[in-house]
Amino acid sequence: MNLQTENQVVDLLIKNVNLMTMDESVSASYGLIEHGCIALRHGNIVWLGPESTAPEFEAAEIIDGNGHYLSPGLIDCHTHLVFAGSRAKEFEQRLTGVSYQQIAEQGGGILSTVRATRAAHEEQLLVSATKRVRQLISEGVTTVEIKSGYGLDTDNEIKMLRVASQLKAQLPVSVSRTFLGAHALPPEFAGRADDYINYLITDSLPKVVELDLADSVDGFCEGIGFSREQMSRLFAAADELGLPVKLHAEQLSDLSGAELVAEFDGLSADHLEYLSEQSIKQMAHKNTVAVLLPGAFYTLSETKLPPIFALREHNVPIAIGSDYNPGSSPLCSLKLMLHMACTQFKLTPEEATKGVTLNAAKALGLTDRGVLKVGKKADLCLWEIEHPAELAYTFGVNPLVKSWQNGQLVINN
Ligand code: NIG
Ligand code: FE
């Protein structure tokens with residue numbers, strides 16, 4: 001029977017695919033639907049299920065998925081990919097035993113990238129960042145978060161966020177922009193961290209909001225960054241302006257920054273190697289996402305693991321990001337992070353995959369993606385793999401066959 005439903009006419013029908021929906025209500029493992037079929041219209045998913053149960057569609061285009069696996073588009077929920085300069089010399093220094101903190105205290109580290117980024121023109125930053133985003137897209141990323149934080153004054157922070165906005169306008173990717181003015185103390189405020197926070201609150205943040213350049217506010221809560229009290233003042237200002245917050249927390253020591261994020265009903269606490277049980281309970285209570293960053297853990301030769309078992313036990317949603325930046329994580333590959341989340345942090349491949357789809361969307365406050373479900377955005381990746389765990393299992397190979405953003409074909413390998 002030819003039912004006259006609204007869904008019948010569709011833009012694209014992908015048949016003969018195994019659907020990794022990541023929807024727990026569909027199935028316990030990857031939300032898997034074998035021998036599936038998915039229909040898209042106007043950039044959204046309008047039907048999905050076993051092909052044997054599919055209604056008659058009138059499709060403008062039909063694609064045979066060749067029995068491959070289809071997942072939600074990947075989401076890199078933590079990057080610092082707009083920057084100038086290189087920190088290769090610091091890499092050499094660290095290998096002779098100088099620590100990340102010591103380099104920062106000597107005026108290197110984040111501040112070295114600040115000097116290079118301040119000196120760069122907007123156009124230069126756009127050119128280098130475009131290459132980095134294209135690299136992420138080539139491995140299936142359809143949404144990327146990009147932080148400022150190498151400007152550290154109003155004009156240069158705005159310059160970085162404008163680059164992030166241009167990337168969004170020019171490339172087939174969604175960009176979530178994060179204001180990270182509280183990343184480090186700029187030299188002109190040396191010894192006056194409270195004054196710098198006041199400056200961010202009274203000057204930078206209102207201008208960033210007025211220009212509509214940020215989707216959230218972040219900071220670095222750490223001995224070499226800002227105190228919990230300072231972050232709390234910045235968060236209160238963000239709250240007043242209607243921006244959600246997130247935080248680099250418990251990366252090198254425990255200042256209970258994650259607890260602060262929970263207090264502010266924030267989106268995520270990121271890094272978390274030194275996270276306490278007490279903060280985990282608060283995160284669980286507020287459904288704060290724990291964003292784990294295996295690239296920084298690896299690059300800084302950190303030995304203290306984030307408390308994976310306790311996060312699991314308390315059902316804290318876990319996301320994974322690349323943290324792509326020139327200092328602690330010079331790694332432009334979310335696919336590699338999937339692998340390292342398993343080998344370094346002992347996440348299961350399914351947890352890691354959830355960490356770059358469903359929970360990464362949560363970490364950005366995006367409810368319209370990260371899962372294959374009717375009504376969600378048609379951001380999709382088609383993978384030539386034989387099992388869903390293969391996405392996390394291999395690295396240095398790219399099994400992506402095709403990707404779509406908003407229902408539009410992006411990669412066609
Ligand atoms: O996520 N921890 C602070 N911020 C970055 C590092 C930035 C840098 O070293 O340039 C991070 O690891
Ligand atoms: Fe970071």
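Donors here are N, O and S atoms within 2.8 Å of the metal (3.2 Å for Na, K and Ca), and water is not among the atoms, so sites may look incomplete. I'm looking at a predicted model, where local features need pLDDT of at least 70, side-chain atom pairs count only at pLDDT 80 or more, and totals for chains, interfaces and linings use all residues. Residues are numbered from 1 along each chain as its sequence is written, chains are lettered from A and ligands numbered from 1 in written order, and side-chain values use heavy atoms, leaving out hydrogens and water.

**Metal site.** Which residues coordinate the iron ion (ligand 2)? I found His-78 (NE2), His-80 (NE2), His-248 (NE2) and Asp-323 (OD), at 2.0 to 2.3 Å. Along the chain, the donors have the spacing H-x1-H-x167-H-x74-D. His-80 and Asp-323 are 243 residues apart, and both are buried (under 20% relative accessible area; exposed is over 50%, partly exposed in between, with a 1.4 Å probe and protein chains only).

**Loop angles.** Next I checked phi. For Met-22 phi is near 60°, a positive value in a non-glycine residue. Tyr-30 also has phi near 60°. Met-22 sits in the loop between strand E1 (9-20) and strand E2 (32-41), and Tyr-30 lies in the loop between E1 and E2. Strands are DSSP runs of at least two residues (E), helices of at least four (H or I), numbered from the N terminus. Met-22 is buried at 2% relative accessible area, and Tyr-30 is buried at 4%.
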